[in-house]
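Please look through the structure shown here before reading on. The paragraphs that follow go from the chain as a whole to single elements and their pairings.

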Amino acid sequence: MKEIPISKRNLIIAVILAVVIAAGILVIENWPLHKEQSSTASTNEDSLVSTAAVNAIEKVFQVNYQEGKDAWLERICELSTPAGYELFTAGADRMWEKYVDAKSVVTASSQAVEKVADNGSEQVWQMTITLSSPLPGSNKTQDTAYVVLAKTESGWKFDRFLMEEEINAIRAQGKTPTTTVEEGKK
Amino acid sequence: MKRFFLIIVVMTLLIPSAVYAQGTDPWSEVFQPDGNLNPDLIDLGVTTDHPDWMSIELPFGQSIDLDANYHRYQTPSGNIVVLPSASTLFFMAMNPQESGLTGSYGSLGNGYGSLISFLGLVAGDNLDWSKVQAEHPEYTSPDQFWGAVLNGQQDVWTYFSGWGFITTLLQMTWNDGALRSLYLLYLNGSQNCAAIPGGCSGIVTPPPPPRECPDPTVSMQQPVLVIQKTAPNNPLVVGQDTENRRGADIQVRVTVPPVIFTWYEPIYEERDVCRSTSSGETANCNTGAGSAINDGVSDTEMVFKECRTHVEHLPDAVASLQATAALDAASQDWITGRLGQTHYEAFVHQANFTLIPGIGSWTGGCDGGGTCTATGQALRVPFADPGTFNLRMDVVTTGTRFLGVPITQPRRVGIDGTMQVYVALPALVP
């Protein structure tokens with residue numbers, strides 16, 4: 001058997017290194033920030049989505065009959081998915097005719113209430129909206145909306161308002177905490 | 001990619017099944033034995049409608065009223081064949097009672113299987129099947145679930161796990177109006193046209209025929225529509241053409257061939273007859289009923305001789321004409337995306353133009369042969385954004401009447417076109 005001589009100095013250095021490595025592993029595994037990162041990321045993402053929702057809603061209900069339908073639609077377009085913009089444009093003519101007839105000049109402010117659904121690439125948010133004055137067809141200046149936002153290459157964009165049947169389905173599910181919905185199977 | 005998939009899905013359902021071409025089946029009037037459409041069908045063209053069940057309610061009582069879109073045919077016996085667009089069919093399936101889907105002959109027969117396939121293909125990936133199974137174990141397959149939805153026994157909205165597919169489906173239909181996957185048949189639809197999808201638009205309603213002569217017939221050809229850019233060859237965005245701000249000229253043209261209404265007039269001739277006497281009359285002839293003495297009086301009566309054919313060329317004039325231009329989504333993305341990377345703050349100046357009536361106007365009329373035309377143009381349209389503009393023209397006709405009787409209902413027809421607007425970009429040449 002061959003004897004390997006180890007000096008007292010090297011032995012102390014090896015022990016110190018082992019202690020430092022072990023302590024480092026323990027610190028990393030138990031560092032409080034580690035667990036908070038994902039929830040922080042999620043909160044940041046939700047903040048982006050709700051901000052996109054607020055901006056889009058405010059543009060939709062910011063109406064000035066004097067500036068014309070095209071200017072109104074272009075503001076909405078900037079914050080919408082291409083498909084969502086086409087969907088909105090398809091029904092815009094009749095809405096705008098009413099605004100012109102009523103000489104509507106309205107501004108809107110909106111607040112995100114809660115995220116009610118999330119499948120990773122799409123989120124549904126409940127919003128409250130306050131108008132400076134009523135729009136034709138209603139005397140309300142406060143209302144609630146449910147909107148779909150979709151993740152695109154250029155960030156989260158407004159896609160569309162939920163239909164009545166979809167809203168009823170969400171309301172029927174009650175105020176259960178938001179859960180991530182997995183993609184369904186055909 | 002999602003859009004491409006949906007197009008493939010719908011295209012796979014486009015081929016009509018020859019199974020319908022059976023002798024006594026009403027479908028035998030629609031399809032020939034080889035599965036092709038029967039040439040006797042009257043093509044009623046495309047009809048759009050704004051039903052409540054395709055309306056998206058917005059806050060403050062606002063609503064986006066989407067177009068339901070059907071291509072329809074009328075059979076010689078008065079049945080109506082309806083081909084809804086993909087999105088219209090989807091909403092019909094979601095609202096089977098309100099949309100009139102359950103009233104169709106097709107939905108009771110083979111049409112159900114096709115509808116279930118359609119729903120599975122366009123919406124199946126967005127159905128939370130595990131949730132369906134957890135709450136309704138009685139459905140052992142998605143097809144059973146879709147069948148219950150179509151029967152009105154099951155609400156589907158609770159089980160969708162995605163929302164964007166509806167928007168994509170709607171967008172796909174607008175850009176690809178020909179994507180129609182299912183034939184629905186409405187028996188006696190021409191007599192009950194108010195209750196069928198698309199209503200009475202274009203339905204042929206000939207007057208009651210005289211007994212001795214054949215039924216009147218109606219034939220009509222589809223209007224020819226053109227929407228195109230006429231000048232200049234390569235329009236430049238007006239922002240780079242600061243001196244002239246030339247823009248582009250758009251021209252539209254519609255030619256509506258006459259509706260050919262053929263009817264048959266019964267011709268009678270006066271003939272001497274010996275008829276039975278009435279009280280107080282004196283007999284002066286023998287009716288030939290076996291009496292040896294005179295038992296009738298001389299008279300005249302109108303007797304059917306022949307059917308005289310009349311061919312009417314009825315003008316179906318243009319009642320309204322609208323033309324629009326819209327920068328397509330890909331071009332808008334290119335401007336705000338790729339162009340924006342090299343040209344700081346590139347933005348879309350104006351994506352939508354109302355060409356006619358608006359920037360331009362239209363005029364129309366009919367000639368002595370019953371052919372009606374309408375033309376219009378929008379000159380120097382100030383396109384400020386480069387890319388592909390989708391051109392769209394929608395026309396509504398007046399319908400036709402003969403001697404005050406409606407023969408055909410107003411028709412709604414439309415056409416899409418495209419044009420390019422260019423921008424000059426600097427390039428570094430090595």
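A residue is called buried if 20 or more other C-beta atoms lie within 10 Å of its own, exposed if 12 or fewer do, and partly exposed in between, with C-beta atoms placed from the backbone. This is a predicted model, in which local features need pLDDT of at least 70 and side-chain atom pairs count only at pLDDT 80 or more, whereas totals for chains, interfaces and linings use all residues. Residues are numbered from 1 along each chain as its sequence is written, and chains are lettered from A and ligands numbered from 1 in the order in which they are written.

Chain B contains 8 helices and 19 strands, these being DSSP runs numbered from the N terminus (helices H or I, at least four residues; strands E, at least two). Of its 430 residues, 35% count as buried. Taking contacts as pairs of residues whose C-beta atoms, placed from the backbone, lie within 7 Å, 70% of the contacts in chain B between residues at least 6 apart in sequence join residues at least 24 apart.

Among the helices, H2 of chain B, residues 86-94, is mostly covered, with 9 of its 9 residues buried; these include B:Leu89, B:Phe90 and B:Phe91. Helix H6 of chain B, residues 142-150, holds B:Trp146, which counts as buried because it has 24 C-beta neighbours inside 10 Å. Leaving aside neighbours within four places in sequence, B:Trp146 is in contact with B:Ile116, B:Leu119 and B:Gly120, and its C-alpha is 8.7 Å from that of B:Leu115, a residue 31 positions apart from it in sequence.

Two strands pair if DSSP finds at least two bridges between them. S9(B) pairs in the antiparallel sense with strand S8 (residues 224-231) over 7 bridges, B:Val226 having B:Arg253 as its bridge partner. With strand S15 (residues 372-381), S9(B) pairs in the antiparallel sense over 8 bridges, and there B:Val254 has B:Ala374 as its bridge partner.

An open sheet of 3 strands in chain B has the order S7-S10-S11, with antiparallel pairing. Strands S7 (217-219) and S11 (296-314) of chain B stand at its edges, each with a single partner strand, so one side of each is left without a neighbour in the sheet. S7(B) is joined to S10(B), residues 259-276, by 3 bridges, and B:Thr217 stands opposite B:Thr262.

Key
Two residues are in contact if their C-beta atoms, placed from the backbone, lie within 7 Å.
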